[in-house]
Amino acid sequence: MGAMQTVMFHSTVFGPVRSRRLGVSLGINLLPDDGKICSFDCLYCEAGLNAQGPGTTGFPSLERLEKDLCEKLEAMKRQGSDLDVITFSGNGEPTLHPQFPEAVDIVIALRDRFYPEAGISVLTNSTRIDRQEIADALRRVDNAILKLDSAITSTMRLIDRPGSPDFTSERVIAYLENFGDKAIVQTMLLRGEYEGQAIDNTTDTEVEALVNAVLRIKPREVMLYTIDRPTPVTTLSKVSHDDLEKVAAVMRQRGIIVATAG
């Protein structure tokens with residue numbers, strides 16, 4: 001079994017990195033910097049599986065977030081650096097931070113002060129959008145990027161492995177509907193197998209279910225992407241650019257705005 005895939009981010013503020021999709025992006029990690037905390041345990045997670053443990057540092061304090069981000073933005077401004085977006089991602093699920101709404105407000109205030117033209121994005125797995133204060137915080141950012149890897153619960157549970165036994169696609173789709181055009185729905189397309197079970201969320205049945213879900217949600221756009229970096233489970237494979245575009249074409253025929261990255 002070679003080396004275990006482990007956390008990617010060892011600080012609260014990281015980057016900036018130049019992203020094909022987002023431009024110049026500065027990252028925010030509201031999770032430990034030496035471990036992973038997530039309500040999913042996705043087979044494809046580039047931060048590794050939850051089995052690596054939550055580490056020792058815990059969630060960063062709001063004071064640390066404010067200090068680190070302020071220093072970074074000040075330095076970037078001094079150097080005349082561009083900034084297109086500040087993105088919450090990191091070693092797990094950002095909305096699990098016990099003060100996530102306050103963290104969002106700190107980032108909005110600092111963005112307004114240093115780079116008012118930059119956007120703020122949150123990458124979330126949608127597990128906590130049933131909580132009013134989380135949903136409200138996600139509505140305050142420019143891009144709430146909400147995961148829906150399959151509209152079919154059995155497939156979603158196989159790929160995403162949610163911690164909660166009662167987490168279903170039906171339930172999350174209903175909550176996603178509340179966001180409407182404030183939502184960007186993000187779907188990871190992949191194939192492979194895990195512990196003897198075949199995985200493929202690009203089949204006609206899967207795509208039809210996803211299209212119907214998206215037509216219900218009415219998001220601003222759908223982001224389709226596939227595996228880009230090494231995955232902790234090595235029996236997965238990325239979907240070809242052509243296949244990604246085929247799924248996108250089915251959606252576009254139904255009037256859905258789709259971005260692809262693969």
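Guide: What follows sets computed values beside the cut-offs that give each term its meaning; please note that the model is predicted.

Visitor: What makes phenylalanine 40 and phenylalanine 167 an aromatic pair, and why is the pair called edge-to-face?

Guide: Two rings pair if their centres lie within 6.5 Å, and here the distance is 5.6 Å centre to centre. Planes over 60 degrees apart count as edge-to-face. The angle between these planes is 75°, and therefore the pair is edge-to-face. By this rule the count comes to three aromatic pairs.

Visitor: Where in the chain do phenylalanine 40 and phenylalanine 167 lie?

Guide: Phenylalanine 40 belongs to the loop between β2 (23-28) and α1 (62-78), and phenylalanine 167 to the loop between α4 (153-160) and α5 (169-177). The two are 127 residues apart, and the pair links distant parts of the chain.

Visitor: Are phenylalanine 40 and phenylalanine 167 buried or exposed, and how do you know?

Guide: Buried means under 20% relative accessible area. Phenylalanine 40 has 3% and phenylalanine 167 has 7%, so both residues are buried.

Visitor: Why is the pair of phenylalanine 88 and phenylalanine 100 called edge-to-face?

Guide: The planes of phenylalanine 88 and phenylalanine 100 stand at 70°, and edge-to-face requires over 60 degrees; the term therefore applies. Their centres are 5.9 Å apart. Phenylalanine 88 is in strand β3 (residues 85-88), while phenylalanine 100 is in helix α2 (residues 100-114). Phenylalanine 88 counts as buried at 0% relative accessibility, and phenylalanine 100 is buried with a relative accessible area of 0%.

Visitor: Why are α2 and α3 called roughly parallel?

Guide: Angles under 35 degrees count as roughly parallel. The axes of α2 and helix α3 (residues 132-140) cross at roughly 15° and come within 9 Å, so the two helices are roughly parallel to each other. The residues of α2 that make the contact include Phe100, Val104 and Ile108, and those of α3 include Ile134, Ala137 and Leu138.

Visitor: What makes α1 roughly parallel to α2?

Guide: The axes of α1 and α2 cross at roughly 20° and come within 10 Å. That angle is set against the cut-off of 35 degrees, and α1 is therefore roughly parallel to α2. The crossing of α1 past α2 is right-handed, whereas α2 passes α3 in a left-handed crossing.

Definitions and conventions: Residues are numbered from 1 along each chain as its sequence is written. This is a predicted model: local features need pLDDT of at least 70, side-chain atom pairs count only at pLDDT 80 or more; totals for chains, interfaces and linings use all residues. Side-chain values use heavy atoms; hydrogens and water are left out. Rings of Phe, Tyr and Trp (its six-membered ring) pair if their centres lie within 6.5 Å; planes under 30 degrees apart count as stacked, over 60 as edge-to-face and the rest as tilted. Helices (H or I, at least four residues) and strands (E, at least two) are DSSP runs, numbered from the N terminus. Buried means under 20% relative accessible area, exposed over 50%, partly exposed in between (1.4 Å probe, protein chains only). Axes are lines fitted to C-alpha atoms, for helices over the stretch in contact, and angles run from 0 to 180 degrees between N-to-C directions. Angles under 35 degrees count as roughly parallel, over 145 as roughly antiparallel, 65 to 115 as roughly perpendicular and the rest as oblique. A crossing is left-handed if the near helix is turned anticlockwise from the far one by less than a right angle, and right-handed if clockwise. Contact means heavy atoms within 4.5 Å.
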